[in-house]
Amino acid sequence: MSFMSVLTRDEAQSRAQLLDVHRYTIELDLTTGDETFESSTVIRFAARANGDTFVELRPATLHSVTLDGEPLDPETLDDNRLSLENLTAGDHELRVRASMRYSRTGEGMHRFTDPTDGETYLYTQLFMEDVQRVFAAFDQPDLKSVFELTVKAPEAWTVLANGITEHLGEGRWQAAPTPLISTYLVAVAAGPWHSVRTEHHGLPFGLHCRRSLAPHLDADADELLEITQQCYDRYHEKFEEPYPFDSYDQAFVPEFNAGAMENPGLVTFRDEFVYRSAVTDTERQTRAMVIAHEMAHMWFGDLVTLQWWDDIWLNESFAEYMGYQTLTEATRFTDTWTEFGVVRKAWGYDADQRPSTHPVAPENVDDTASALLNFDGISYAKGASALRQLVTWLGEKDFLAGINTHFARHRFANATLADFIDSLAAHTDRDVHAWADAWLRTTGVDTLTPTLDGSNGDHTLTIAHHGSRPHRVAAGLYDLDLADEGSLTLRERLEVDIPQSAPQPIGKRPALVLLNDGDLTYTKVRFDPTSFETVRTSLSGLPDPLTRAVVWNALRDAVRDGDLAPTAYLDAARAHLPKETDLALVQGVLAFASAQVADRYITPEQRPAAVATLSALCRDLIRRTEDGDHPGLRLIAVRHFIDGAAHPDTIAAWLADGTVPGGPELDPDLRWRVLARLAVLGATDERAIAAELDRDPSATGQEGAARCRAALPDADAKRTAWAAMFDDDTLSNYLFTATAQGFWQPEQADLVADYVPRFYQDAVTLAARRGPAIAEAAGRWAFPAHAVAPDTLRLGEACLADADPIPALRRKLVDQLDDLARALRVRGA
């Protein structure tokens, strides 16, 4: 398979100067077989001057091309580009007819057959440059156009699109023409969908999923629609520009690579958000945040779109910030910033300390392949943190005034960072341009460290600032509560501008000084010695979960930087998590403690003791929740107890009984989780896996079985799993990921040792063959992360130097190898 030429910024700018694109009329025939579909496109455009350009498409077969009625030779298609030469100034019409391949990797037109009932579903994911897998297009974000789609599908199917669709009979569907939108935002979803429909303020709203998930969608439909409507109403209070499209459908689609995609009028979500099994309220909050995030994109991203991919942060950071803030203001989920602090922000901090870091607003995005690498914790979490700090510094009133000016100036058009900053600057006397240079054009994480001087009741606070950005932070001063041992009370929260002009008088020495209390800026914080001792003994006594999140993040950063022993982090978790009430904090701390501390940051000799500590902690949480008052906390503890079980007896008994004593009953997720751990421990076999798959033949069950089979401590099982991932291209993106998740296990290091050197060359070959989505999955999930050894690092560095992996895999390897080097440093410290 040849991979398409990437579009450069220079090429896009030249084409945008030459062309105005008026309308796409697209006909898709989805009834022509399992491998390909028919795509016919008419593009009406104008050239501003005489010149040459090209259109992109990536067909299985290009049948015919005509330009202004004159045929062009299909053989002139070069890779994914069809040249349009000798254009004259004026109007033109291009007609392209082709057969296009269905995808099994979540790129282009993805095709999925549900193993539960045999029904087939199709949906598009056209982000960045995948529209050319579906129809011919001038594929860049600043050539917006009207799109008019007609789709032929099997008679029993429903077709969804960006606009309201009408069934014309005999399987033909017509979608209402869109307003001006970018090529990457066109969307189609076709299949025998189960749908829940309503209206809100006269606008059609819909929820859609596979038929086999219908009972689960119906059970949550009221919650999903309520969240959607609450966000919609709140955005209309914030934004002067009304919702710009004719309907709002949310389709939960199978094997989706992202969390969701902001297609105007038809947002697509991964259908794991239709919960088959028990989830925590924090997981429901995460789903609600994704709903809020994608709806924010209807304005920032869809109505006003980036001009080129260097400003992807303008889309994602804004939607990330607005999603969390709006959820807090408009829904029952009022503590969303705690989850942001302990989960999303950690993602940003990690990404910003790797060699692959980049500014929030980079200036060197020269082509689409480079742009695709910037969908990371910097463009989402760091950018959202920067916007939160901007609102703190600027004030929400002026911030929203600038946003509304931005929408009014650039509606249904494109805008740049400079345009955004100009819109904000119109409503404030503050130097927003200087702020943007300091925050958006720089890399890395600042660090703030407190120093206290004085005696008795006369102390001052000085904040050492390692870094370059200005910050407005709160410094929380906490005293021990003498009436309630172990509790801390907030004496005062000081607002401090960094760099600090002078030491701050604080009176009596507090037990704890916490910088960035409230988590309103993006920085690492450290503790003075007295404050650290207070954290060690009384962390769980802090009254506010967001405050505790800042402390846990500080401990996490200290471990990663080699300033705090990993075992000290485990000790803190053991001491304070049994008293924790916030689900996001419990989940975030346990995830770091198990996946990073126990599996990577301590030596193999220390690991059994670490796993035992975490198991004891989970047992404490399970005992604490026996009264049934904290089902989410109990579920988290049960999951982590299963995942870390060192012996099979207890969890095998749970599986045999179908329940944890005292609850919960083992739903499909917990059953597969137990079976996967039993597989790792060598306490189950193929017969048991096959029996469980008979019990749950769903798509999730297929993934569970693949994960279990790859996890068996058997040489034949490992050979089979490796061949499925790297030699056979039939695995879908999700089945590839499930197999990779099962393959590497710390307990099986000796068994899989020979595969560590094989990974690099096999991954390079696979990525070149199957493309960016599988490359990303291979780099993320199939990497031997457990093999924390200098040889693993050396092999990886040689691969980067000599093997020329495609950009998506190279980026994942750079990040994984840096994490590996960090783990080695932490062990050495």
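1. In helix α23, the residues Y755, V756, F759, Y760, A763, V764, L766, A767 and R770 are buried, where buried means under 20% relative accessible area, exposed over 50%, and partly exposed in between (1.4 Å probe, protein chains only). Helices (H or I, at least four residues) and strands (E, at least two) are DSSP runs numbered from the N terminus. The structure is a predicted model, in which local features need pLDDT of at least 70 and side-chain atom pairs count only at pLDDT 80 or more, while totals for chains, interfaces and linings use all residues. Residues are numbered from 1 along each chain as its sequence is written, and side-chain values use heavy atoms, with hydrogens and water left out.

2. The packing partners of these buried α23 residues are α21 (715–726), α22 (733–743), α24 (772–781), α25 (790–802) and α26 (807–828); contact here means heavy atoms within 4.5 Å. As background, an α-helix has 3.6 residues a turn, so residues three or four places apart point the same way.

3. The axis of α23, which spans residues 755–770, bends by about 25 degrees at Q761. The bend at a residue is the angle between axes fitted to the seven residues ending there and the seven starting there. After α23 comes G771, with a positive phi near 100 degrees.

4. Strand β17 (residues 248–253) is largely enclosed by the rest of the structure, because 6 of its 6 residues are buried. Y248, Q250 and F252 point one way from β17, whereas D249, A251 and V253 point the other way, and all are buried.

5. On one pairing, β17 runs parallel to strand β16 (residues 203–209) over 4 bridges; two strands pair if DSSP finds at least two bridges between them. Opposite D249 of β17 stands G206.

6. Within β19, R270 is the bridge partner of V253.

7. Q285 belongs to helix α3 (residues 281–297). With a relative accessible area of 9%, Q285 is buried. Leaving aside residues up to four places away in sequence, Q285 touches L327, F333, D335, T336 and E339.

8. Two cis peptide bonds are noted here. The bond from I498 to P499 is cis, with omega near 5 degrees, and P499 sits in the loop between β25 (488–498) and β26 (504–507). G663 and P664 are likewise joined by a cis peptide bond, with omega about 5 degrees; P664 is in the loop between α17 (649–657) and α18 (668–680).

9. Positive phi values also occur at two aspartates. D79, a residue other than glycine, has phi near 60 degrees and lies in the loop between β5 (70–72) and β6 (81–87). Its relative accessibility of 29% makes D79 partly exposed. D519, also not a glycine, has a positive phi of about 60 degrees and is placed in the loop between β27 (512–515) and β28 (524–525). D519 is buried, at a relative accessible area of 5%.
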